[in-house]
Structure formats: C-alpha cells, structure tokens
Number of protein chains: 2
Amino acid sequence: MKKHNFSAGPCILPDEVMQQAAQAVQELDGSGLSLIEISHRSAAFIEIMDKACALALELLGLTDKGYKALFLQGGASTQFLATAYNLLENKGAYLNTGTWSTKAIKEAKLLGEVVEVASSADANFNYIPKEYAVPADADYLHITTNNTIFGTQIKALPETDTVLVSDSSSDIFSRQLDFSKFGILYAGAQKNMGPAGTTLVVVKEEVLGKVTHKIPSMLDYAVHGAKDSMFNTPPVFAVYTSMLTLDWLQKLGGIKAIEAKNNAKAELMYGEIDRNPLFKGFAALEDRSTMNATFTLEKAELKERFDSMCADALISGINGHRSVGGYRASMYNALPLASVQTLVDVMKELERTA
Amino acid sequence: MKKHNFSAGPCILPDEVMQQAAQAVQELDGSGLSLIEISHRSAAFIEIMDKACALALELLGLTDKGYKALFLQGGASTQFLATAYNLLENKGAYLNTGTWSTKAIKEAKLLGEVVEVASSADANFNYIPKEYAVPADADYLHITTNNTIFGTQIKALPETDTVLVSDSSSDIFSRQLDFSKFGILYAGAQKNMGPAGTTLVVVKEEVLGKVTHKIPSMLDYAVHGAKDSMFNTPPVFAVYTSMLTLDWLQKLGGIKAIEAKNNAKAELMYGEIDRNPLFKGFAALEDRSTMNATFTLEKAELKERFDSMCADALISGINGHRSVGGYRASMYNALPLASVQTLVDVMKELERTA
C-alpha cells in the first residue's frame, strides 16, 4: 500500500519519475550500462544535463533571456555562502523570514556588511514583513520565497532596483511569477524538482563578475557556467531524476497547470483548518504557503488519537518542525489532491468522534 | 549484453549494489515509500547514514581511534577548499603529483601561504617525487594517493610530523595502508565507493579547531561532525548506494581481500602492456597505479583498428585523458578480472593480426 507522503523534503515525487529512475539505475536506455556507472563526460549524460538545464529555463520562461541554469551540489546552504561570494562587494540586504533566511545572513556576514531590512522573528516568523527600505548602495536583496518550517510564502515579489536573489527551495516550479525579476534564483532539488543531492541555480549572467575579491572555484557561478555544470563531476543520479521531474511537469502543462492543482490542494487544506474547531492555523492568513500548511491541535490531549488515526489512514510525514510544533502538511507538486482529501477526512472524523 | 566498463569515474559498481539501489528507488524495504521520497530525518535514513559511516571507519581500521566519517557534497574539489579552511593557519605544504593536486594548491592559495614541496610537472606527472622536505612550520602536508589521469600512485606514505591530508578519491578502499597516519582522508564516492554525488571525509577530530579565522558552516568539518553529516539535507541516494557498496566490500573480506584481486588485475594488465611490442606504459614502473593503467599505442596508425576491436569486444571507457592521450584502463574494485582478460585478449589479437 502506497502512503500519503506529506514529508517536508525530501518528499514525494511523481510515481512515474521514481519508476523511470529505478529503471535507469538498472540500465540506462538499453545502453548495457547503469546510469550510475557511466562517465559524466559520455554523450548520454551530457544530453541529460543539457536537457535538465533547458527544461528549467523553459519552465521558468527564461530561455534566451541571458540566464544560465546550473545543477550544482551542496544544497541551498552552500548557496548562502556562494551568493555572497559572487555578489557582495559593498553591502548585502536580507529579508529575514525564518530559519533559512537567518542562516543565509550568518554565512554572508563572513564576507562583508549585511543589512537585515526587516524580520518577522518577533512573531516566530508567522508572517512576511512587507514594508521595508532597501539601502540604495546594497549589491542585492536576498529573500526566501517560501518558508518551509513556518508555512509562509511571499505572494508579491518586492520591487527593487538592486539584484533580487531568492532561495526558492520549497516553492520553485509551483506557481507563476515573473522570474525575469530575479538576478539569482536557487533551490535545493528535494521538494519540487528531484531527490536530495543537487541544487538548481538560475543566474542572470550580467549580475556576475562585479566583485573585486577572488572567489573559490567551487563557489564561483561563472566557473560552473563556463563548464555547463561540469567543472567537477556532477551528481549524476540527482540531475537525471530532476530532468525526469521537469519533463513530467512540462508534459503536464508547465507551472500554470501545476499552480491550479496546488491552489486546489491548498484551498481544501486551509478550508478544513479554518472550519474545524479542533485545529488552528499558524501562519498569517494572507501569507499562507500553498506548499506547507502549518497548524496545531487546539486540545493537546487529542494528539495521540489524531496521530493514530493518521497512521491508520497511511498518512506520513505531517509532524511539525520543532520550531513551530503541531503539524505541517507539505503539499508539493507531486502530492495528489486525494492525499489532501484523506487528511481532511481524518480531521473531520476526529471532530465527529472527539 | 553487459559491457566491460573501464570508465575512470563515475565507474563500475558491483552488480548486486546497482540492483539493490534500483529496488530501493522503487520501494525501500517494504516501507511503502521510495528511498528518494523519505525524510532524511526518518529513522530509516538515520540508520542508513550511521551504517555508512560505521562501515567506512571499520574498513579503514579506524573505529574508536578518534576519527569521524562524514558523507558530504561537492566532490573532492570542494574539499580542496575545505581542508585549507579547516587547517591552514600558518602554511600549507603540498606534494604536486597531477591535475588534482594542482587544483588543490590553487584553492588553498586563496586562504594563505602554500608551499609546493615537490612536483613531477617536469615530466607530465608520470612519476611520484620521493625526496622532499616539509617545512617545520607547515600546518599539514597534502598528498594525492592516486592520480587517475596519469596512472601513478604513492606506494609508501610520506613520514611526516605534521598532519597528513590526502585526496584518495581514486584509490580509497582498494589497498591496505596504515590509515591512522592520516589526519584527514577524503574521497569523492564515484570510483570505489558509490555513485557521483557524495564525498567521504574521514577526519581525526584532534586536528580540527586550531585555526583562528572563521570557517563557513558548509566547509566546517566540526559543524558537519557535530550533526553526524546531517547539518543540511544529505544526498540520500548517493549515501545509500555507498553504504551498499561498503557492505559488499566488507562481506567480501574487506580491503585485504579486494587488494589481492586488484593486484591480480594490475599484474595481468601491466604484464601485457610490457610484453606486447605494440604498447607502451606511461607511468614510471615503480609508481604504477593499480587502479588506472595508462598506455599508448606505439604505432598511431593502429588506433582505428584497436578502437574498433575494443568496441566489438564490448570494452567501454578506455580512452585516455586529453592530458596524456592514448588509453587508460581503470580497474576499480568492482571490475572483474574477466574484463581485464578481455582487454588483454584484444591487445594480443591486435599484435597477432597487425
């Protein structure tokens, strides 16, 4: 029996993608070799990497607009450092909306002056600050479009004259935005794109090359760009599976099509959280994430019963992060509406029998 | 038909490992979930990570000797930078035996003073320098135990009072050494350990914490050690498959058993290179690698014919690196003796019919 996988990441991927990935580990396209034993310099893998990069740009509407898509390693955590190395000359501006923004700020401070333009730490990051000024001499403004732990999401991108940089690990490819507003957009693969082990960095080439310090090779986006993500051995399996997922999304109708599905799932989920007197949402209404719904039980004594009912319904991965407590239902691209319906049914059943 | 895979890396892995990895991508141990959709915080994955780390230390004979095994991302290329960040206070000493050593030196120079104690660049790195002095005030001596591109290998570890650091990407787990001589030993997985996408770092904990500068979190071995390689989301598939490969090696009898097999393959290969008048070895005899045999054809006009005969025999991945030319037969742990015999037979056949 297949579980309803609400894990916050690594998380559910399309079933057909997991089957195709498993097949390729056995043998890649009748080549007589497994995907994981071929050279990354082979024609077969170069084609996979090129396709993954092309699909990423195409889905974001950034083909032929001066952007490069890179598949790197090290997760968003490495990009906290790399973005500062590549851009921070005078001053970096950061919007602090949660744990990951806070970590990005910490790493950037090793390299230069950092300004926190606003923070929602005062309310345990349950909202997105909207009124703030970005210093005129900032090299860039760094935001986190979706905050997995707290379940908040930036709905309208900030208007700014400086380079906009975003950690979009937990909502990339989930909703339509004007992606040409970004100078650098990065995301760990393990939510909407693929397995853990690769990180997509989409970079507008004109934003690079403006710092005077030297950048270590592995953190230098220009180095990776010049080598088409092959400066060193790429994480072959993670790139291949990301390519399959992006291909799946394109065939589904792209970001527009998946956004409609994601909105339907979020409406169903939040509708029940708001209707059911046993539950309470954590995030500010207007900032609620379509990816991660955070909520708590009003009566702590019902926890054991609710957990047991969820387990019986094969619901997996809804424990909240320790910073928030309660529950978190992550509803990434590949999660079916039926899984959300199953969780909502259990919530209703708890209410009926409590 | 399965090919004879002599690829320099990513490369052949044990067939049973590839089959088990494929199965886990479909479903992990009857869990109702794929390996690549489970949380890295799940009990199932924590057990996988713990087992991988324990096996690495056990195989190296370093259990309970003050070492920590870490599974990180970014390849050896990232460790060029990280080792310098973690150790370079006064001066870093480097033995330059090839392309990768040269790159390690380049990255370390960004962080402080670097001394090249010896280099074989004068002979296109076809030998290992053996007579050299390490400055008394060096924080560490960095070596590359096996040079994939040139086919050379350090047979006797240097005697030194300073911390010995090694990039052993292409010969880790292939031969017995006194691994307790290393302060830091690192290796990209994609030769003898698993698929591309994770890097093993084995660090003697007492060598850390001695630099006065701040280290970025993702490059700080103490940070990763304190979180048991879970500071950020680890590359789940690559770690799992590495664990399977290490388990395979342990069941086979460990490094001692595989070393005997590797020696037999190398003797067969080099025996033919030396016997057959049509071929010539590249590396100095006493420094020949048991992992990568580099050789050239004495008559360039035979190239097309030899390549065609190899292809007919399903021999894959023996083109030499552009820095050396000719051929390179990589004979990693999982390559069967029968594959080497097949290549040797083709070489004999070329001689017979040339």
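What covers the buried residues of H1(B)? The cover includes helix H1 (15-26) of chain A together with helix H6 (236-252) of chain B. A residue is buried if 20 or more other C-beta atoms lie within 10 Å of its own, exposed if 12 or fewer, and partly exposed in between, with C-beta atoms placed from the backbone. Helices (H or I, at least four residues) and strands (E, at least two) are DSSP runs, numbered from the N terminus.

This is a predicted model, in which local features need pLDDT of at least 70, side-chain atom pairs count only at pLDDT 80 or more, and totals for chains, interfaces and linings use all residues. Residues are numbered from 1 along each chain as its sequence is written, while chains are lettered from A and ligands numbered from 1 in the order in which they are written. The pLDDT is the predictor's confidence in each residue, from 0 to 100. Chain A averages 97, and 100% of its residues score at least 70. The model scores ipTM 0.97 and pTM 0.98.

Now the two chains together. Chain A can be laid on chain B by a turn of 180° and a shift of 0.0 Å along the axis, with an RMSD of 0.0 Å. The two copies are thus related as by a two-fold rotation axis. Superposition is by least squares on the C-alpha atoms of residues with pLDDT of at least 70 in both copies. Of the residues of chain A, Ala22(A) comes closest to the axis, at 2.2 Å (C-alpha).

Next, the contact. Two residues are in contact if their C-beta atoms, placed from the backbone, lie within 7 Å. Chain A gives 50 residues and chain B gives 50 residues. On the side of chain A that touches chain B, H1, helix H3 (75-87) and helix H6 (236-252) of chain A each supply at least two residues. H1(A) gives the most, with six residues. Of the interface residues of chain A, 100% are also interface residues in chain B, so the copies meet through the same surface.

Back to H1(B). Val17(B), Met18(B), Ala21(B), Ala22(B), Ala24(B) and Val25(B) are buried there. They cover an arc of only 160° around the axis, which puts them on the same side of H1(B). The arc is that of the directions from the helix axis to the C-beta atoms.

Helix H4 (residues 99-108) of chain B has buried residues too, among them Trp100(B) and Ile105(B). Its buried residues fall within an arc of 165°, so they line one face of the helix. They pack against helix H3 (75-87) and strands including S3 (92-96) and S4 (114-119) of chain B.
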